Amino acid sequence: MRKQKFRKSRAVFISVCLLLCFLLGGCGSAKKEDAESGRESAGLVIGFSQLGSESAWRLGNTASMENAAREHGISLVVNNGMQKQENQIAAIRSFIAYQVDVIVFAPIVEEGWANVLQEAKEAGIPVIMMDRLINIKDSDLYDAYIGPDHYLEGVNAARFLMKKAEEMQAANDSAAEEESGKIRIAELSGTEGSSPMISRYKGFHDLIDNDDRFEILETVSGDFLRSKGRECMRSLLKKYPGQIDVLYSHNDAMTLGAIEVMEEQGIEPGKDIVIISVDGEQAAVDLLKEGKINCVVECSPMLGDAVMDLAEKIVSGQDYPRVTHPAEGCFTEYDDLSSLAPRGY
Ligand code: GYE
C-alpha cells in the first residue's frame, strides 16, 4: 500500500518536473518502461544538467543520454544550461529540491561548484560528473566521473604533428630556412576555464613546447563554437598572413568555421595549412577523407549507456569505478578510413 502510494507520488513528481522543464525552456524525456527494449523500469529518476548545445558533439551527447535512459527504463529530467554556469547551478538545486535519485552534470567550467555539490551531499544525492571535470579540493563532493581523457587528446594531437613535421620539414627545407626555420602553429582553444580546453592545451603543449622544431604563434579561444572559429581564423590570418603552417583546433565545430574562412581566402586547408581537430564528428571525418583535415582526434560523446549503468550501480550499492574513460582513437591522413563506421554525431 505504502509502496503503491510512493510510486504514484513519484509519477506525479516526474510529471511536475517535466512540466517545469518545458516551461523553463529545457527539454526532458521520462519513461517508466520501454516497450521496445522490454526492460522493466528501474524506477530511477536522474536529473541531468547539460551545459548547452554548442556543437554536434554536444547534441550527440544529449541524444545518447536520452536514448540510454529510455533503454534502461530510467526517468531522465534534462535541463539545458544554455552555456551558463548559473543556469547549471540552478538546475542542480532544483534536482536536489525534487529529490532525484542521482544527479548527472556536464560542468561548463572547472571552478565554482563546491557550494552546490555540498548541498547535494547533504541531501544524500549521488553526483556523477560526465564529459568534463571540475577542480575541487574535497573530491568526496562527487561520486564518479565518466568521460574522455582530454589530456590524452592533446597528446594525441601533438604526436600526430611530430610525425607530420618530418614530412613538412623535408618538403619545406629551403623555404623554412628563409624564415625562422620553425613550423608555426596557431591554436584555437575551447571555452576558457573548461576542462577540455585546459587539458587539450596542456597535453599538446607538454610535448610541443619542448621540441624546437615548433613555434606557437598564438592561442585564441573560439569557445567551441563554429561562428567563433570563423571569427578567430579571420583575425589570425590577418595578423599572421602567410605565416601559419598548422592549425590546432580544440573541436570540430571551430575547425569547420576556420576551414570556411580559409577557403574564402583561397587557402587550401589540409595542404597550405595542416589541420588537427578534436572530436570526430561525421562532418570532420568527411573532410579528413577529402584531405582538408589532416588529423581528427577522437572524443566520443556516446556516454549515455555507461552513465546509466553507473547510476544503477551507485543506487543499488554495488562497487563502481570512480573514473571511467571510454576507449578513443585518432584518425589521420595516414590511416585507411574506408571501413570506418558512421560516427553517429
Ligand atoms: O569537444 C566540444 C564540446 O566537452 C568534450 O565540448 C566536450 C567538448 C567537445 O562542445 O565539441
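Across the whole structure, a search turns up 20 salt bridges. The model examined here is a predicted one. As a friendly reminder, side chains of opposite charge can pair when their charged atoms come close. A few of the pairs are described below.

Asp206 pairs with Lys202, and their closest N and O atoms are 3.1 Å apart. Both belong to helix α6 (residues 195-208), and because they are four residues apart there, about one helical turn separates them. Asp206 is partly exposed, at a relative accessible area of 31%, and Lys202 is also partly exposed, at 44%.

Other pairs reach across the chain. Glu260 and Arg230 form a salt bridge with an N to O distance of 2.5 Å. Here the partners are 30 residues apart and link distant parts of the chain, with Glu260 in helix α8 (residues 252-264) and Arg230 in helix α7 (residues 226-239). Glu260 has a relative accessible area of 26% and is partly exposed; Arg230, at 22%, counts as partly exposed too.

Helix α8 also contributes Glu263, whose partner Lys292 lies in the loop between α9 (282-289) and β11 (295-298). The side chains of Lys292 and Glu263 meet in a salt bridge at 2.8 Å, N to O. This pair, too, links distant parts of the chain, its members being 29 residues apart. Lys292 is partly exposed, with 25% relative accessible area, and Glu263 is partly exposed with 37%.

Finally, salt bridges can be joined up: a network of them links Glu54, Arg58, Asp131 and Arg132.

Terms used:
Residues numbered from 1 in each chain as written. Predicted model: local features only at pLDDT ≥ 70, side-chain atom pairs only at ≥ 80, totals over all residues. Heavy atoms only, no water. Salt bridge = Lys/Arg side-chain N within 4 Å of Asp/Glu carboxyl O. Helix = DSSP H or I, 4+ residues; strand = E, 2+ residues; numbered from the N terminus. Buried < 20%, exposed > 50% of the residue type's maximum accessible area, 1.4 Å probe, protein only.
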